[in-house]
Amino acid sequence: MKRLLNIIQCTNLGGMEKASLSLMQGLQEQQVMPSLISLHPLGQLASQITAAGIHARGIHYRGPFGVRSIPDYRRIMKAELKDIDWLLMTGHNLAGMLALASVKHHCPAVLALHFHHKGVKPLFMWKAIYLLANRTFRWITFPSHFIRDEACAIAPWISRKARVIRCPVAERPMRTATDKAAARKRMELADGVPVIGAAGWLIPRKRFDIVIQCLQRLRKNHTDIQLLIAGDGPEREGLQSLAEQCGVAKHIRWLGWIPCMDDFYQSLDVTLFTSDWDAMGMIALESMAVGVPVVASVKQGGLGEIITNEQHGYLYNNHSIDALAGALHELIDNPALCESVGRGGYERVRALHNTGRISGEYIQLFETATHE
């Protein structure tokens with residue numbers, strides 16, 4: 001049995017972290033034993049990591065960009081790497097890379113980068129990250145061609161080792177009408193009421209203001225509609241004020257962070273996903289993975305590689321309230337269409353984001369590097 005160490009940026013409930021957990025579980029099924037170091041204190045995903053039988057430890061993140069943590073990172077990595085066959089770093093933590101580069105190890109190393117580039121860091125910082133990554137890792141993986149192409153435009157020297165490997169999404173049965181009714185009962189939602197869901201960090205680029213404006217538009221034809229928002233962040237207070245101004249505050253339930261999203265997804269008629277920039281969009285993928293149709297607007301991101309036509313979902317490259325509200329209205333008012341689009345998305349995610357296949361692609365990368 002091979003032993004893999006996953007050094008991850010953090011263990012919150014974000015898309016990167018959940019995709020990493022799905023990957024580790026897929027590797028376990030293929031006789032790989034993962035362990036985990038978080039470069040921040042363990043977060044809300046820690047209980048699920050422990051339940052999966054994965055040993056995890058967190059480290060305090062100290063100083064600007066974590067520079068004061070580098071000695072701790074180095075000491076712990078040195079100890080953990082003694083008995084490791086393969087090394088995976090998840091996320092673009094510069095302090096973590098500097099610590100790793102200073103530790104002698106002989107196991108193949110792969111960097112899995114899950115973040116878009118524009119609007120995140122200055123260009124010189126990305127160049128520094130990729131200069132160091134090029135020296136430290138045999139392969140660099142990206143969940144979409146969109147961010148791989150961004151990275152190679154910034155740092156052409158990584159092109160030969162840059163690979164696209166999709167985010168694994170845990171396989172689940174397609175939800176049934178019975179599942180939906182049971183979830184709504186647990187969440188105290190009435191049957192027959194249209195329910196839209198949105199989730200994620202409440203930050204500017206996620207454009208929850210668009211979600212609220214769509215709800216306002218839909219209220220003209222669906223007076224009993226409900227919007228569930230799962231997640232939290234610095235924009236929450238401003239978004240709640242916007243909801244009051246739009247006259248829809250009573251139609252929104254702010255759920256905060258939910259460790260288990262099963263009932264959330266199962267209870268929905270449609271998921272609405274909006275973002276200015278996104279590497280992929282795990283909320284959209286997780287919705288599709290249980291058969292919930294997705295309406296999305298992403299100005300720049302990789303979701304268009306998955307939702308390629310309206311059989312898989314509705315995707316727009318601008319935040320048109322008219323287009324988004326129109327698509328939501330069409331799905332809510334046409335149960336047969338809703339079912340058809342949900343099934344199309346479900347089959348699309350099963351084909352492209354199969355955990356077993358994706359974990360196998362990582363194993364192949366490590367084995368190739370081992371035999372070079």
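Predicted model: local features only at pLDDT ≥ 70, side-chain atom pairs only at ≥ 80, totals over all residues.
Which residues of strand S6 (residues 139-142) point one way, and which the other way? Trp-139 and Thr-141 go one way, Ile-140 and Phe-142 go the other way, and all are buried.

**The seven-stranded sheet**

Strand S6 belongs to an open sheet of seven strands, and if you walk across it you meet them in the order S3-S2-S1-S4-S5-S6-S7. The pairing is parallel. At the edges sit strand S3 (55-58) and strand S7 (162-164), each of which pairs on one side only. From one strand to the next, the twist averages 20 degrees.

Let's stay with S6 for a moment. Its pairing with S5 is in the parallel sense and runs over three bridges. Across that pairing, Ala-112 stands opposite Thr-141 in S6. Why does it count as buried? Leaving aside residues up to four places away in sequence, Thr-141 touches Val-110, Leu-111, Ala-112, Leu-113, Arg-163, Ile-165, Tyr-362 and Leu-365.

Elsewhere in this sheet, strand S1 (residues 2-8) runs parallel to strand S4 (residues 86-90), and five bridges join the two. Here Ile-7 stands opposite Met-89 in S4. Helix H4 (residues 94-101) lies across S1, S4 and strand S5 (109-112), and runs at about 160 degrees to S4.

**The six-stranded sheet**

There's another open sheet, this one built from six strands in the order S10-S9-S8-S11-S12-S13, again with parallel pairing. S10 and strand S13 (314-316) are at its edges; each has a single partner strand, so one side of each has no neighbour in the sheet. The twist here averages 20 degrees from one strand to the next.

S8 and S11 pair in the parallel sense over two bridges, and Gly-197 stands opposite Thr-271 in S11. Helix H8 packs on this sheet, touching S8, S9, S10 and S11, and its direction makes about 145 degrees with that of S11.

What do the buried residues of H8 pack against? The list takes in strand S8 (195-199), strand S9 (226-230), H9, strand S10 (252-256), strand S11 (270-278) and H12. The buried residues themselves are Phe-208, Ile-210, Val-211, Ile-212, Cys-214, Leu-215 and Leu-218. As a reminder on helix geometry, an α-helix has 3.6 residues a turn, so residues three or four places apart point the same way.

**Two helix pairs**

Two packed helices are described by the angle between their axes and the distance between the axes. Here are two pairs from this model.

| Helix pair | Residues | Angle between axes | Axis distance |
|---|---|---|---|
| H8 and H9 | 208-218 and 236-246 | roughly 20 degrees | within 10 Å |
| H12 and H13 | 321-333 and 335-352 | about 110 degrees | 5 Å |

With its axis crossing that of helix H9 (residues 236-246) at roughly 20 degrees, H8 is roughly parallel to H9. The contact uses Phe-208, Asp-209, Ile-212 and Gln-216 of H8, along with Leu-239, Leu-242, Ala-243 and Cys-246 of H9. The crossing of H8 and H9 is right-handed.

H12 and H13 pack at an angle of about 110 degrees, and are therefore roughly perpendicular to each other. On the H12 side, the contact is made by Glu-330, Leu-331 and Asp-333, and on the H13 side by Pro-335, Leu-337, Cys-338 and Val-341.

**The cysteines**

Some cysteines have already turned up, so what about disulfides? A disulfide is a covalent bond between the sulfur atoms of two cysteines. The count in this model comes to zero disulfides. Cys-214 is in none: the nearest cysteine sulfur belongs to Cys-246 and is 11 Å away. Cys-214 counts as buried because its relative accessibility is 0%.

Notes. Residues numbered from 1 in each chain as written. Heavy atoms only, no water. Pairing = 2+ DSSP bridges. Helix = DSSP H or I, 4+ residues; strand = E, 2+ residues; numbered from the N terminus. Axes fitted to C-alpha atoms, helices over the stretch in contact; angles between N-to-C directions. Contact = heavy atoms within 4.5 Å. Disulfide = S-S within 2.5 Å. Buried < 20%, exposed > 50% of the residue type's maximum accessible area, 1.4 Å probe, protein only. Parallel < 35°, antiparallel > 145°, perpendicular 65-115°, else oblique. Left-handed = near helix turned anticlockwise from the far one by under 90°.
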